[in-house]
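Here is a short report on one protein chain.

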Amino acid sequence: MREPLRVLIADDELLARKRLSRLLAALPDVSVCGEAVDGDSVLAAVRAGGVDVVLLDIHMPGLSGLDAMALLPVGGPHVIFCTAHAEHAVNAFEHGAVDYVLKPVEAARLQKALERARARLPASPPTSAPTSAPAARAKNVTAPPQASGGSGPAFARLPIPTRQGLVLVSPDAISHASLEDELVTVFTTQGDFLTDFTLNELADKLPAEHFHRVHRRALLNLSHVTRLEPLETGGYLARTARGHSVEVSRQSARELRRMLGLRKGAEDEG
């Protein structure tokens, strides 16, 4: 018996979700692991884990299906678009979609698309004893994010809403983010962008191995730091490759010294 294919249904229309759920229930070796009504909830479900395939609509509130697909983590679930809009098919396949199924979705066509997705899965995925869908979802709940960065898989690009539209930025291009006058600015090699994200939300979305909460008002990508200048407070002033300065608190300075294997300073003894 094959491992069940874990499918996430993503559509803002209730009737469409019900139809897909009904069709999937009739197929062998397939289980519905959840439902999403917009792009943000798709990304949240994928971060929680336990998703092999996403049945994704094109037009949804907020992020479109194509936007959401672009933000899935490398090695994340395969995407099958289920939509009434044929004109986006070429773009979808160019971005790596497994299949593009037009509504109204028929059982035979859906099964064919799912088999295509299954064929792209690793030949020998980790196996475990069969569990119910609720138990599987509970098993895949992630731990709370660490203060130094996200605990889930990092997305290929971070969406930053601006007046000109949604800017997709690679985490590698982000040097730091700072809080000034209750507004967070993300500093990147593509420019600087105001965002509605809090620093905690950004820390959760970005890879923990590079991004560190070095101050209550700053998040720093150590890959962009060229110099650490000591301060009388026991902290540092971090200089980035673009010439920005980011204050590092005394406590964070201690953590950085441990990470970098530096000799303890007098302030570390207190």
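Which residue in β3 does V7 stand opposite? V7 stands opposite V53. This model is predicted: local features need pLDDT of at least 70, side-chain atom pairs count only at pLDDT 80 or more, and totals for chains, interfaces and linings use all residues. Residues are numbered from 1 along each chain as its sequence is written, and side-chain values use heavy atoms, without hydrogens and water.

**Strand pairs**

Strands here are DSSP runs of E with at least two residues, while helices are runs of H or I with at least four; both are numbered from the N terminus. Two strands pair if DSSP finds at least two bridges between them.

| Pair | Sense | Bridges |
|---|---|---|
| β1 (residues 5-10) and β3 (residues 53-56) | parallel | four |
| β13 (residues 225-230) and β14 (residues 236-240) | antiparallel | five |

**The open sheet**

Five strands form an open sheet in the order β2-β1-β3-β4-β5, with parallel pairing. The edges are β2 (30-36) and β5 (99-102); each has a single partner strand, so one side of each lacks a neighbour in the sheet.

**The hairpin**

β13 and β14 make a hairpin, with five residues between them. In its turn, G234 has a positive phi of about 100°. V225 has T240 in β14 as its bridge partner.

**The surface**

L260 lies in helix α8 (residues 250-260). Together, M259, L260 and L262 make a nonpolar surface patch of about 290 Å². Patch residues have over 30% relative accessible area and no salt bridge; nonpolar side chains (Val, Leu, Ile, Met, Phe, Trp, Tyr) are joined within 5 Å, like charges within 9 Å. Accessible areas come from the Shrake-Rupley method with a 1.4 Å probe, and for residues only the protein chains shown count as cover. A salt bridge is a side-chain nitrogen of Lys or Arg within 4 Å of a carboxyl oxygen of Asp or Glu.
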